[in-house]
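Please describe the surface that the protein presents to one of the DNA strands, and then the strand pairing in one of the chains.

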Protein chains: 2
Amino acid sequence: MNNPELRYQALLTTLHERGSRLTSHRLALIRLLSTSEGHPNAMQLYESLRLQFPTISLATIYKTLALLKDEGEVLEIDLHNDSHYDGNKPYPHPHLICTQCHKIFDGDEITAIQKINQEIEDRYNFQISRHQLVFYGMCWECREKTDR
Amino acid sequence: MNNPELRYQALLTTLHERGSRLTSHRLALIRLLSTSEGHPNAMQLYESLRLQFPTISLATIYKTLALLKDEGEVLEIDLHNDSHYDGNKPYPHPHLICTQCHKIFDGDEITAIQKINQEIEDRYNFQISRHQLVFYGMCWECREKTDR
DNA sequence: TTTCTTTAGAGAATAATTATCGAAATGAAT
DNA sequence: ATTCATTTCGATAATTATTCTCTAAAGAAA
């Protein structure tokens, strides 16, 4: 139950406290990040913002995303030469990607991750700091469509 | 307990049965893939092969890797704009990447993955076909060095 | 207001990867 | 065995996501 307005305020505050300038381009970007449900990539954000701000540049998108990422307010999902971004759940969590409809789903309710983390620490004596977990397959919607 | 010679023969056979030409460049590449313990990227393979074959091109590396990947004999590990390749364990398995020494470790003995898979199928009704799981952190060697 | 310092952002540059296309190799037909 | 037709190899050129650079603007200090 993510509240877009709260999220917007959080991102705003983070940039403000950091001493970063809150330009109209940046405000529009964090507005977009906090309200969009999906997991857009830089180009999608760019295309969307360009409607309202024809002079905005892709570099601005990337730079602001990097800023927010450094502050831990945005999660980068590193796919094959195509990073997508999550401004609503910035903590590392699994993603499910449908190979049929190409939607990206959050798998942030999976509890068995604890077990994996534990096993990795125990078996390999490896201290995990973060992870990137992507599962490819078919989502329930596409399964229904295909099955019948 | 991977036998490099067996692995080499397997890759060789795959390419042969596929009707692909077995040029000296390709033979050298699959030799390298089957004998190297690590997880090289295209540039590393290129630099290594160039010592013996000064005229080999990066595109040849990429093309042959794509071929082997299609045949399921090589696993691509997609890191941030830098794919690495595993010619010894071509099935999807977790990787542990040390943020200190940047080594890539295989986490192919982790049993809790079954639980995650099960949970994803149950909770999200999502049918997994493959995954890419990367855990970042500190390996046991670097932990020892750092701790004392 | 004027000067000084820092940051934003547009365009240029970079680097990993992929597409193109001439050349070489393979197999068929004579 | 030799020529022809077809495939595919692989070097160079092109592409594309991302990052760097440098000018201009914003804010701070005087």
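In sorting residues by type, Ala, Val, Leu, Ile, Met, Phe, Trp, Tyr, Cys and Pro count as nonpolar, Asp, Glu, Lys and Arg as charged, and the others, Gly among them, as polar. This is a predicted model, in which local features need pLDDT of at least 70 and side-chain atom pairs count only at pLDDT 80 or more, while totals for chains, interfaces and linings use all residues. Residues are numbered from 1 along each chain as its sequence is written, and side-chain values use heavy atoms, with hydrogens and water left out.

The surface near DNA strand C (near: a heavy atom within 4 Å) comprises 19 residues, which divide into five nonpolar, 10 polar and four charged. Of the DNA strand C atoms within 4 Å of the protein, 71% belong to sugar or phosphate, and the rest to bases.

| Residue | Protein atom | Distance |
|---|---|---|
| Arg26(A) | side-chain N or O | 2.2 Å |
| Ser57(A) | polar backbone atom | 2.3 Å |
| Ser83(B) | backbone N or O | 3.1 Å |

Two or more residues each come from helix H2 (24-35) and helix H4 (58-70) of chain A and from helix H4 (58-70) of chain B, helices being DSSP runs of at least four residues and strands of at least two.

Elsewhere in chain A, strand E3 (residues 95-98) and strand E4 (residues 104-106) run antiparallel, joined by three bridges, where pairing requires at least two DSSP bridges. Ile97(A) stands opposite Ile104(A) in E4(A), and its bridge partner in E5(A) is Tyr136(A).

Note on methods: Chains are lettered from A and ligands numbered from 1 in the order in which they are written. A polar contact is a pair of N or O atoms within 3.5 Å; within protein, one must be able to donate a hydrogen and the other to accept it, and residues adjacent in sequence count only if both atoms are side-chain atoms.
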